[in-house]
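Okay everyone, thanks for coming.

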Amino acid sequence: MTTIKGPAIFLAQFIGDEAPFNDLKSICQWAAGLGYKGVQLPTNDLRFIDLQKAADSKTYADEIKGIVNEAGLEITELSTHLQGQLVAVNPAYDSLFDAFAPAQVKGNPAERQKWAVSQLHAAAKASKNLGLDAHVTFSGALIWGMVYPWPQRPAGLVDAAFDELAKRWEPILNVFDENGIDLCYEIHPGEDLHDGVSYERFLSKVNNHKRANLLYDPSHFVLQAMDYLEYIDIYHERIKMFHVKDAEFNPTGRQGVYGGYADWIDRAGRFRSLGDGQVDFKGIFSKLTQYDYKGWAVLEWECALKNSEDGAREGAQFIKNHIIRITDRAFDDFAASGSDDAFNRSLIGL
């Protein structure tokens, strides 16, 4: 078994225009001051990392790594959540998802998709240059708007959508393989890969690609009323990344999983700061340790109630308290009687 690394923090929800959240050096010093040991970097803000430059220049990648290391931190992984979303967009969402794209490809879905693919390719190479072994993204969604089968879905529609999704992603997975990086999909409502069944459908379409792995985030399974502990039992061999994020699901006579279009604060299912929700993190850390998870425990802070800086401060200690330092001996060694081969054989009458 391996002691899980951490605590670490995903910086996406903390980036802003005011110090210390507006440049890489300052935000890393802030995170280190809270007790974090690692940072997961989003790649859509040039103030923190130029993804293409990190892919093209080992020298630049080393400079970025040096800034983080100088604060006493490590880069845990890079993230292309927003770019990955643009690999596969249903036309109904074109206008909304244009917000994730640079100006030169807005309003041009074909060029936007090409740009997104190029960003994923850059992410694989940049991850290698930074000495990382895993990367997180979203799958995008061609068919999410038809997740509830009404009107009845035409026969073959789901297969056609997943065939196309695999066609777009398999070449990207090959690039990640060439660079020795696991591509981890965050399984998430709004994406075509949103639960175990959809992930397995995709995996079969990409020929069980060894790089098509998982970021585990229990909060998204709480909001779907899934068994998030059994999920680890089923998929532990594919889980290469871990977002530590809390959530609660309190259905009423008025609303359940779908939330009635309510704002986050009024939904039956909502994200919470660590320790304020319903997730059994003792169970999660135990299972991940049991299955020899070798990655980082990374805070992703999202909460409709609590201040983000309070959530970050409390989250560092919360993760530290839940990481299980593995034992170097069996608990009952004190009662061992000692043995050798002859003794063992005598006990079974040989």
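**A helix tucked inside**

Let's start with helix α11, which is largely enclosed by the rest of the structure, because 7 of its 10 residues are buried. Before I go on, please keep in mind that this is a predicted model.

So, which residues of α11 are buried? They are Phe281, Gly283, Ile284, Phe285, Lys287, Leu288 and Thr289. Notice that Lys287 is on that list, and lysine counts as a charged residue. And what do these buried residues pack against? Quite a list, actually: the strands β6 (212-216), β7, β8 (246-249) and β10, plus the helices α10 (228-235) and α12.

Now go to the end of that helix. Glutamine 290 belongs to α11, which covers residues 281-290. Is glutamine 290 buried or partly exposed? Its relative accessibility is 48%, so glutamine 290 counts as partly exposed. If you look across from there, you'll find isoleucine 326, which is 36 residues away from glutamine 290 along the chain. The C-alpha atoms of these two are separated by 9.4 Å.

**A glutamate in a loop**

Next up is glutamate 300. You'll find it in the loop that runs between β10 (296-299) and α12 (308-322). Buried or exposed, what would you guess for glutamate 300? With a relative accessible area of 6%, glutamate 300 is buried, because the cut-off for that is under 20%.

Who does glutamate 300 touch, if we skip the neighbours within four places in sequence? Its contacts are Phe10, Gln13, Glu186, Asp217, His243, Val244 and Lys245. Take a moment to find those in the sequence.

**The second largest pocket**

Which of the elements has the largest share? That would be β3, with 4 residues.

And what's the lining made of? There are 10 charged residues, 9 nonpolar ones and 5 polar ones.

**Salt bridges**

How many salt bridges are there in the whole structure? The search finds 23. I'll show you just a few of them.

One joins the side chains of aspartate 45 and arginine 47, with 2.8 Å from N to O. Aspartate 45 is at 19% relative accessibility, so it counts as buried. Arginine 47 is partly exposed, at 34%.

Another is between aspartate 94 and arginine 112, where the closest N and O atoms are 2.5 Å apart. This pair links distant parts of the chain: aspartate 94 is in helix α5 (residues 94-97) and arginine 112 is in helix α6 (residues 109-129), 18 residues apart. Arginine 112 is buried, with a relative accessible area of 2%.

Then there's lysine 205 with aspartate 159, at 3.6 Å from N to O. Again, distant parts of the chain are linked, since lysine 205 sits in helix α8 (residues 196-205), aspartate 159 sits in helix α7 (residues 157-178), and 46 residues separate them. Both partners count as partly exposed: lysine 205 is at 25% relative accessibility, and aspartate 159 is at 38%. There's a network here, too, in which salt bridges link Asp159, Asp163, Arg201 and Lys205.

**And the cysteines?**

Last topic. A disulfide is a covalent bond between the sulfur atoms of two cysteines. How many disulfides are counted here? The count comes to 0. As for the cysteines themselves, I'll mention two. Cysteine 28 is buried, with a relative accessible area of 0%. Cysteine 303 is at 14% relative accessibility, so it counts as buried too.

That's it from me, so let's go back to the structure together.

Note on methods. Residues numbered from 1 in each chain as written. Predicted model: local features only at pLDDT ≥ 70, side-chain atom pairs only at ≥ 80, totals over all residues. Heavy atoms only, no water. Helix = DSSP H or I, 4+ residues; strand = E, 2+ residues; numbered from the N terminus. Buried < 20%, exposed > 50% of the residue type's maximum accessible area, 1.4 Å probe, protein only. Contact = heavy atoms within 4.5 Å. Salt bridge = Lys/Arg side-chain N within 4 Å of Asp/Glu carboxyl O. Disulfide = S-S within 2.5 Å.
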